[in-house]
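Open the model in your viewer and keep the sequence panel beside it. This tour goes from one selection to the next and says what to look for at each stop.

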Amino acid sequence: MESHREPTLADVAQAAGVSLTTVSRVLNNRGYLSQETKERVAEAIAQLNYRPNQIARALHGKSTQSIGLIVPTVALPFFGELTEYVEDFLAEHGYRTFVCNSMGKADRERDYLDLLVSHRVDGIVSSAHNDGLADYGSIHLPVVSVDRDLSPTVPNVRCDNEAGGRLAAEHLLKRGARRPALLTSRTGIHNLREKGYRQVLQQAGIEPVVLTVDFNTPNGERPGLIRERLDLVADDIDAVFATDDLAAAQVMEWAAERDLRIPDDFKVIGFDGTIAMQHALPALTTIQQPIANLARAAVDLLLNRIESATAVSSENKQQGEPWKDLQAPSPMPVRLLPGRTA
């Protein structure tokens with residue numbers, strides 16, 4: 001009867017007619033082995049379709065050549081594009097990527113962290129958006145975040161959000177807006193796009209109007225909540241800076257429902273400038289993030305941290321975590337992507 005179990009190292013050794021130690025030495029390219037022995041082991045591996053147990057490799061102090069990537073959802077254009085670049089850049093270095101969609105749920109993000117740690121990934125890139133998650137501080141392996149403050153020990157690779165907020169607000173005022181509102185996910189000191197917006201309006205002597213719809217709002221509820229927020233201030237504003245392009249698109253729909261001509265009666269500017277949104281809504285004026293550069297910087301930093309962690313001796317590892325000395329690069333510049341909405 002045909003067996004459906006996964007072949008083991010012992011099966012490879014038996015098929016090749018060698019010892020377990022010899023198979024292990026072939027797999028790890030360790031010690032002197034004759035070409036004939038290498039070929040016999042390779043033939044047995046191919047014949048049995050043997051896959052090395054990556055967790056077992058990790059238990060022996062070896063790399064699993066795998067990275068965990070946690071995002072809110074790849075259905076959102078920014079995170080979909082970021083995921084594609086991160087996965088591609090990691091593959092260039094021989095790493096596989098486990099992509100985890102947290103769907104805006106803190107408990108799911110914790111479950112994924114536990115899963116990735118238990119599978120002994122070599123490191124984690126996180127760009128999920130659940131506030132107050134302290135779990136990252138207790139993870140003893142290299143972690144890098146993208147546009148999210150996780151922990152003082154986790155470097156955050158990000159664009160210059162504050163400059164982007166200023167650029168958006170300045171552009172709206174130059175185009176004739178007298179009372180531009182900000183539509184964002186969360187207001188507060190950590191929102192650097194809001195900070196840039198407020199700086200420009202303060203310099204112009206204009207009172208800010210800040211509207212919020214939480215980042216983790218279910219997709220089906222989001223358009224209705226955006227309409228509600230805009231309806232409350234409709235008579236007081238003539239433009240909106242939305243801190244993501246999907247929100248900007250929903251502002252445009254709201255304006256159309258009110259028969260407001262864009263950009264004559266009402267102006268809209270977004271943020272992100274993904275390829276998907278450029279194709280879907282080419283008229284949208286937006287602030288473009290350098291997403292490929294962010295992904296490349298996050299991957300390079302994480303791999304440098306992994307290399308730093310493996311370069312030290314076991315004794316030094318117990319004394320500290322040397323990868324934490326490697327910090328994120330300076331915030332990356334953004335640029336205005338002109339359209340016909342502002």
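Which residues does Lys38 touch, not counting residues up to four places away in sequence? Select Lys38 and show its surroundings: with those neighbours left out, Lys38 touches Val26 and Leu33, where contact means heavy atoms within 4.5 Å.

Before moving on, note what kind of model this is. The model is predicted, so local features need pLDDT of at least 70 and side-chain atom pairs count only at pLDDT 80 or more, while totals for chains, interfaces and linings use all residues. Residues are numbered from 1 along each chain as its sequence is written, and side-chain values use heavy atoms, with hydrogens and water left out.

**Stop 1: Lys38 and its helix**

Stay on Lys38, which lies in helix α3. Helices (H or I, at least four residues) and strands (E, at least two) are DSSP runs, numbered from the N terminus. Lys38 is partly exposed because its relative accessible area is 32%; buried means under 20%, exposed over 50%, and partly exposed in between (1.4 Å probe, protein chains only). Lys38 and Arg25 are 13 residues apart in sequence, and their C-alpha atoms are 9.4 Å apart in space.

**Stop 2: helices α1 and α3**

Select residues 9-16, helix α1, together with residues 35-48, helix α3. Their axes come within 8 Å and cross at roughly 125°. Axes are lines fitted to C-alpha atoms, for helices over the stretch in contact, and angles run from 0 to 180 degrees between N-to-C directions. That angle makes α1 oblique to α3: angles under 35 degrees count as roughly parallel, over 145 as roughly antiparallel, 65 to 115 as roughly perpendicular, and the rest as oblique.

To see where the two helices meet, show the side chains of Asp11, Val12, Ala15 and Ala16 in α1 and of Arg40, Val41, Ala44, Ile45 and Leu48 in α3. By class, this contact of α1 with α3 has 7 nonpolar, no polar and 2 charged residues. Here Ala, Val, Leu, Ile, Met, Phe, Trp, Tyr, Cys and Pro count as nonpolar, Asp, Glu, Lys and Arg as charged, and the others, Gly among them, as polar.

**Stop 3: helices α9 and α10**

Next, select residues 222-233 (α9) and 245-257 (α10). The axes of these helices come within 10 Å and cross at roughly 60°, which means that α9 is oblique to α10. From α9, the contact uses Arg222, Pro223, Ile226, Arg227, Leu230 and Asp231; from α10, Ala247, Gln250, Val251, Trp254 and Glu257. The residues of this contact divide into 6 nonpolar, 1 polar and 4 charged.

**Stop 4: Gly123**

Is Gly123 buried or exposed? Gly123 is buried, because its relative accessible area is 0%. Gly123 lies in strand β3, residues 123-126. Leaving out residues up to four places away in sequence, Gly123 touches Ser66, Ile67, Gly68, Leu141, Pro142, Leu302 and Ile306.

**Stop 5: Thr285**

Go to strand β10, residues 285-288, where Thr285 is found. Thr285 counts as buried because its relative accessibility is 0%. A polar atom of the Thr285 side chain lies 3.4 Å from the backbone nitrogen of Ala342. Beyond residues up to four places away in sequence, Thr285 touches several others, including His171, Val268, Leu336, Pro338 and Ala342.

**Stop 6**

Select Met103 in the loop between β2 (96-101) and α6 (106-118). Phi of Met103 is near 55°, a positive value in a residue other than glycine. Arg120, in the loop between α6 and β3, also has phi near 55°. Finish at Pro263, in the loop between α10 and β9 (267-272). The peptide bond from Ile262 to Pro263 is cis, with omega near 5°.

**The whole chain**

Zoom out and colour by secondary structure: the chain has 13 helices and 11 strands. Of its 342 residues, 46% are buried.

Note on methods
Polar contact = N/O pair within 3.5 Å; in protein donor to acceptor, adjacent residues only side chain to side chain.
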